[in-house]
Amino acid sequence: MVARVQVPQEAKRGEAIEIRIAIQHPMETGFRFDLMGRAIPKNVINSLVARYNGAEVFRAELGSGVAANPSLQFYTVAEASGTIEFSWVDDAGVSGTERAAITVI
Amino acid sequence: MTTPAGFARHPSYVKEGNSKARFELSNRSYAHLRLSAVALLFAVACAAHAAEAQKPSPLKSGLDFAGADVRALQADDFANPGMLWVARGEKLWREPAGKAAKSCAGCHGEAPAGMKGVAARYPRVDPGAARLVNLEGRINLCRERHQGAAPLQYESDELLGLTALVAHQSRGAPVAAALDPQNRASFERGRDFYHLRQGQMNLSCAHCHDRNSGGKLAAETVSQGHGNAYPIYRLEWQAAGSLHRRFRSCLFGIRAESLAPGSPEFVDLELYLAWRASGLPIETPGVRR
């Protein structure tokens, strides 16, 4: 699973910063059938958490209505230099993490 | 992977334009006219051939036919979902593979430096393999020769990723397919495939992409059919896909029998399209509906 995280490299303390993540995932709805007519089991990223230096700043619960390769963005306040780490898990039990560093001046 | 051999020589193959002329001329029975008729037939055939290989004017990328939202998605390097495949390619670029346990980076260095402008020159004839190969084919040849690895499956995320990564390094560079004696036969086969009426709809590529580009096909705007943004992220596919997948979609649309991705007929067509798109900037990874 490939993911990309975008955070500003540098931010001023107290500034609102935009955080974005894109994850390569089929987000299989469970409503589709393969060429042999067998149902393709539902497999979506069901939960995603973002932690800023260990503290949870964002949480999302995704369902079958979300398109493949989901892209999410949110804002948080820059407090201290460190890392923003995302972790997620899908219905098949496959989890992933991706992180990005930020410097607060 | 099976492809119908001699596809371009199929009896249903009718070259547009000159078939009627040939019929009328060959019906003339005057002996004294026969020689000049043959000469005229030859001239007509040549003229029709020359007229067939045409570049649209002005050249327009598929992006010019896309809506504002699709263009915005392609322009934003983070939001563009095709960049996920480029990122996948970057990972694979550094991973050792095969018996030689060599990575792409081991020979070529970092992709941005080593692969700049490469994609603009493909497809081209590989001297070792003595056949026309596209970027996907070249990557697989490299795996076989230098890494001792099995070729990646066509249309797999791995091969799409590496292709997207390599093509992405040529973004902005004009497509520059050069015709030479080595690829001339491939070019002609590709050109003939492009003008071949196929399927239950009895349409050739030219009917939509040369004569009716800019027109509507249901809700879609018909493009000029260039390959300068491939591999693309197509919203309908919800995934990245190769130019050959697009060919298959088009052939399915005209209800024609399709060929396997990576088949030589498709690579020939890719060369014709590259010649036809010469000058258009490469956009990989493009986004289309």
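## Strands, a helix residue and the A–B contact

A residue is buried if 20 or more other C-beta atoms, placed from the backbone, lie within 10 Å of its own, exposed if 12 or fewer do, and partly exposed in between. Helices (H or I, at least four residues) and strands (E, at least two) are DSSP runs, numbered from the N terminus.

This is a predicted model, in which local features need pLDDT of at least 70 and side-chain atom pairs count only at pLDDT 80 or more, while totals for chains, interfaces and linings use all residues. Residues are numbered from 1 along each chain as its sequence is written, and chains are lettered from A and ligands numbered from 1 in the order in which they are written.

In chain A, β5(A) and β4(A) form a hairpin with two residues between them. N53(A), in the turn, has a positive phi of about 50°. Strands count as paired if DSSP finds at least two bridges between them. R51(A) has E56(A) in β5(A) as its bridge partner. A pair from each chain is listed here.

| Strand | Partner | Sense | Bridges |
|---|---|---|---|
| β4 (residues 45-52) of chain A | β5(A) | antiparallel | six bridges |
| β5 (residues 232-234) of chain B | β6(B) | antiparallel | three bridges |

In chain B, three strands form an open sheet of mixed pairing in the order β6-β5-β7. Because β6 (239-241) and β7 (286-288) of chain B each have a single partner strand, they stand at the edges, and one side of each is left without a neighbour in the sheet. Neighbouring strands of this sheet are turned by 35° against each other on average, direction ignored; axes are lines fitted to C-alpha atoms. R234(B) stands opposite A239(B) in β6(B).

L165(B) belongs to helix α8 (residues 157-168) of chain B. This residue counts as buried because it has 27 C-beta neighbours inside 10 Å. Leaving out residues up to four places away in sequence, L165(B) touches V86(B), G89(B), E90(B), W93(B) and A111(B). Two residues are in contact if their C-beta atoms, placed from the backbone, lie within 7 Å. A distance of 16 Å separates the C-alpha atoms of L165(B) and G227(B), which are 62 residues apart along the chain.

The contact between the chains takes ten residues from chain A and ten residues from chain B. On the side of chain B that touches chain A, helix α4 (residues 82-94) of chain B gives the most, with five residues. That side divides into seven nonpolar, one polar and two charged residues. Ala, Val, Leu, Ile, Met, Phe, Trp, Tyr, Cys and Pro count as nonpolar, Asp, Glu, Lys and Arg as charged, and the others, Gly among them, as polar.

Definitions and conventions. Axes fitted to C-alpha atoms, helices over the stretch in contact; angles between N-to-C directions.
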